[in-house]
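Hi,

Here is the structure I promised to pass on.

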Amino acid sequence: MAWISKNWAMTGIMKGLIVTLKHIFHIGNRPLVTVQYPYEKMKLAPRFRGRHSVDQDACIGCGICEVSCPNGTIRIVKYNGRWFPEFNLGMCLFCGLCVDACPMNAIKMNGGYELANYSRESLVYGPERILFKKEVNK
Amino acid sequence: METDELLLNMGPVHPATHGVLRFKLRMDGEIIRDCEIVMGYLHRGTEKLGEMKTYLQFIPYTDRLDYLSAMPNNYAYVKAVEELADIEVPLRAEYIRVLTLELNRIINHLVFMGSLILDLGANTAIMWGFREREKALQLYEMLCGARMTFSYMRIGGVREDLPEGFIPKLNDFIKDMEKRIVDYEQLINGNEIFLLRMKNIGVINADEAINYGMTGPSLRGSGVNYDIRKLEPYSIYPDIDFKACVRKECDSYARYLVRMDEMKESLHILRQVADTMPAGDIITTQKYGIAPMTGAPSAVMTYFPRIFTPPVGEVYTRTEAPKGELGFYVVSDGTTKPYRVKIRSPSFCNLVALPKMIVGLKIPDLIAAFGTIDIVLGDVDR
Amino acid sequence: MIANAYELVVYILSAIGIYDPINGFFQNYGMEYLLRIIIIVVEIVVLLVFVLLTVMFLSWLERKMFAWVQSRYGPMITGPHGLFQPIADGIKLVGKEDIIPAGADRWIFTLAPFIIFVPALLVFIPLPFGDSLIISDLRIGLLYIIAISALSPVSILLAGWASNNKYSLMGAMRAVAQDISYTIPLALAAIAVVLYVGSLSTVDIVRAQEGTWFDIIPRWFIFVQPLAFILFLIASIAEMGRIPFDFQESEQELVAGFYTEYSGMKFAMYFLGEYAHMFAVSGVIVTVFLGGWTGPVLPFIPVQITSLVYFIIKTYAVIFFAMWLRDTVPRMRIDQLLNLGWKIMIPLALLNLLVTSFLLTAGVV
Ligand code: SF4
Ligand code: SF4
């Protein structure tokens, strides 16, 4: 309290008030920056690590991604007579180690980030949901 | 007059404990007579996990220690393994690493500033902090695809090269940041109420701070010039011009100012690194058969052997994380998994000094002092 | 001369020529008082609706301003620029489960949120919204306002005590300690003005501020009593219980202070009470120091309307300042406020009183 008597003019608070006033009226390059999320979305960087997808033709079902995953997210399952990985995204760390490990470069991580769901089971992304064909993508 | 002591359980769910931390306070009215810190609510056994995972697989877990500054955690662990296996890292990789580390220091201090001011009751600064942090996170997103849990460092280098247009965006960020810091200082630094709440609150002198094992900005706020980047220079820090920020006042305000100064120093470092970024490899190609993957669609994709076995030995490395000294003690028994990983986390060691600072003060002072030691519960409990 | 809103209604009714027939109708049955009651009830309903709408608008404004300071948009979806957000909030809060903690004192716990509305609404009675727009021009108006608004800690204390929660209790204790230390400088600062005017009536205080010096500077008491104004403003912000003096809630220390345990509609009552109080206190500041409803008289428009507009503009300016301050400064510590109140504000207010009375006796002003 002794300190306050040294500065009766409260210059510090005045300065602060001026800065906030500048923000209220957006003076001097202080625009509103937020995004109205569900209605407008931000552009993601191309490298964004979101949901996985697996190239249907490239994947050889070797299981290297299964071994390299730190969390046991991946399971190799049979689908249409071939072996493909299945991702339990509820456990996934989105670390990208499986992408690095795949010898055929079959796994991609794309911009899918709206993964919230009502049950744990629906977070298991089997081959029917993650496979893509390269030709289609082109 | 005879009065009873009031036992107040603050937390584990409380707006100002930054997560799940419990203070057991013995109060005399509003005056704190004794404070016991109860932690462990966020214990996830990270150290034990380190023994179960291969060297490479443990990297994503280090992200989750101090989730506000994942990059320094990545780096500290990777550096420990590199020293263990004697891997040399290319110069470009080191530059990129320092760039990301210092960017993360800025992010961390922005959140620190915001949450400290929020704890004191002013709600504005935190959103300003997050506004600038968002820009830095976008840079990270460009760089490694993640915004918080980067998993960007790899043993022997980094995961991906700088994307196109990264350096100009970084320069924009630096320029923008310099202007914003002026705003923060105008809002906060001279504010009389802020000074009333911070000056001479939570005082801990240099000797006590050292005895409690405090490190990082919290220690430097007590006037000890202890910055591992200067004392035990690692990476490219010897070639870079910067100074360790020290304040002598030993109180909460000093600890706050040290961090604001550090943000400016980090910007200075960023500018140097961005200007002198050398060309070259981003991951080592010499040892353990690490080679760029053949037939990789992008040239930056690298291949680290799954069977990575460093020689038998042990190593302790320490780095200057934004919150203080972050050390990794890694023991190898020659298999693919570490025999033991011990993490010396700055938040934990800084937190235990808190009761020393606040006994005899009031609850609002507890909040203020607690805000200035800047902890993350993920880092405390591991 | 129309003195208050009742007479204004009577005046309007007789101007359009329906007062006498209605009055005659009631007189036939010997129940003239019924008409008086009806008119007063209508007045009160209008006031209540006005206060509720204002409270809604204020909570929207608060959020919006807060958002702008933080470079956000704030509510945007419900209605134009989120204007109906308070209604959505209200619906949400009404739909919430109403929890009464196990150890709580049920009756007091339930009653406390309604009690907080009483002082906030009673303050409006002697508050002149405009020329003759006043429910009742009490001769002790200012004293009444100070006394009534000093009641709101009672509700807070009840809530804090009944909740059976340590945080609530501490918040309540703080509210009481704070109340004592700011009400005294508040009253002392106001007394300086009262000395000047020679009357406690709010209408007289406003009338004393009519006119200008040198045709530009309005004769507001802020220019006559700047020190008293600053003291009154600080004490009023403390009375509103807002940052930097929101010790009763102080979210980061006491979770939510005295309403930690409240949920649903009761929580909404506190929320509404807070804004109603804020509007009332700002209105008092305007009345006492900023010239109340006075302003340039416009031709062709009835003075009642212009004065209402002036009053509302000024009140919103004060509210704007309070919100702006909230967005800027952190919270003080409770003992620091007590120090500020007892060691600085009360001596200063007394000094101000001394100087004012000296000057008045000497006939300087
Ligand atoms: S995705 Fe790659 S690593 Fe996984 S099974 Fe297919 S080819 Fe093997
Ligand atoms: S991103 Fe990481 S955690 Fe997720 S599936 Fe791939 S390796 Fe496993």
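Asn74(B) sits in helix H3 (residues 70-85) of chain B; helices here are DSSP runs of H or I with at least four residues, strands are runs of E with at least two, and both are numbered from the N terminus. Asn74(B) has 0% relative accessibility, so it counts as buried (buried is under 20% relative accessible area, exposed is over 50%, partly exposed is in between, with a 1.4 Å probe and protein chains only). If you skip the neighbours within four places in sequence, Asn74(B) is in contact with Ile59(B), Thr62(B), Asp63(B), Phe150(B), Ser151(B), Tyr152(B) and Met153(B), where contact means heavy atoms within 4.5 Å.

Before you go further: this is a predicted model, in which local features need pLDDT of at least 70 and side-chain atom pairs count only at pLDDT 80 or more, while totals for chains, interfaces and linings use all residues. Residues are numbered from 1 along each chain as its sequence is written, chains are lettered from A and ligands numbered from 1 in the order in which they are written, and side-chain values use heavy atoms, with hydrogens and water left out.

**Two positive phi values**

Ser151(B), one of the contacts of Asn74(B), has a positive phi, near 45°, in a residue other than glycine. You'll find Ser151(B) in the loop between helix H5 (124-144) and strand S4 (153-154) of chain B, and with a relative accessible area of 1% it is buried. Cys250(B) also isn't a glycine, yet its phi is positive at about 70°. The loop between helix H10 (228-231) and helix H11 (252-275) of chain B holds Cys250(B), which is buried at 12% relative accessibility.

**Chain B as a whole**

Chain B has 15 helices and ten strands. Its radius of gyration is 21 Å, close to the 21 Å that the globule rule gives for 382 residues, so chain B is as compact as a globular protein of that length (the radius is taken over C-alpha atoms, and the rule is 2.2 Å times the number of residues to the power 0.38). Along the principal axes, the C-alpha atoms of chain B fill a box of roughly 80 × 45 × 35 Å. Of its 382 residues, 66% count as buried. Take the contacts in chain B between residues at least 6 apart in sequence, and 70% of them join residues at least 24 apart.

**Salt bridges**

Over all chains, the structure holds 44 salt bridges, each a side-chain nitrogen of Lys or Arg within 4 Å of a carboxyl oxygen of Asp or Glu. Here are some to click through:

- Asp66(B) pairs with Lys323(B), with the closest N and O atoms 3.1 Å apart. Asp66(B) is in the loop between H2 and H3 and Lys323(B) in the loop between strand S8 (313-321) and strand S9 (324-332), so the pair ties together parts of chain B that are 257 residues apart in sequence. Both Asp66(B) and Lys323(B) are buried.
- Lys264(B) pairs with Glu185(B) at 2.9 Å between the closest N and O atoms. Lys264(B) is in helix H11 and Glu185(B) in helix H6 (residues 166-189), so this bridge links parts of chain B that are 79 residues apart in sequence. Lys264(B) is partly exposed at 36% relative accessibility, and Glu185(B) is partly exposed at 22%.
- Glu262(B) pairs with Arg220(B), the closest N and O atoms being 2.1 Å apart. Glu262(B) and Arg220(B) are both buried. Salt bridges with shared partners join Glu102(B), Arg105(B), Arg220(B), Asp227(B), Arg229(B), Glu262(B) and Glu320(B) into one network.

**Where chain A comes in**

What does the side chain of Lys53(B) have 2.6 Å from one of its polar atoms? That is the backbone oxygen of Pro70(A). Lys53(B) is in the loop between helix H1 (46-52) and helix H2 (59-63) of chain B. Lys53(B) is buried but has no salt bridge, and the nearest side chain of opposite charge, Glu51(B), is 12 Å away (Lys and Arg count as positive, Asp and Glu as negative; His and the chain ends are not counted).

On the chain A side, Ala45(A) is in the loop between helix H1 (11-24) and strand S1 (52-55) of chain A. Ala45(A) is buried, with a relative accessible area of 13%. Apart from neighbours within four places in sequence, Ala45(A) is in contact with Glu141(B) and Met142(B).

Cheers

Methods:
Polar contact = N/O pair within 3.5 Å; in protein donor to acceptor, adjacent residues only side chain to side chain.
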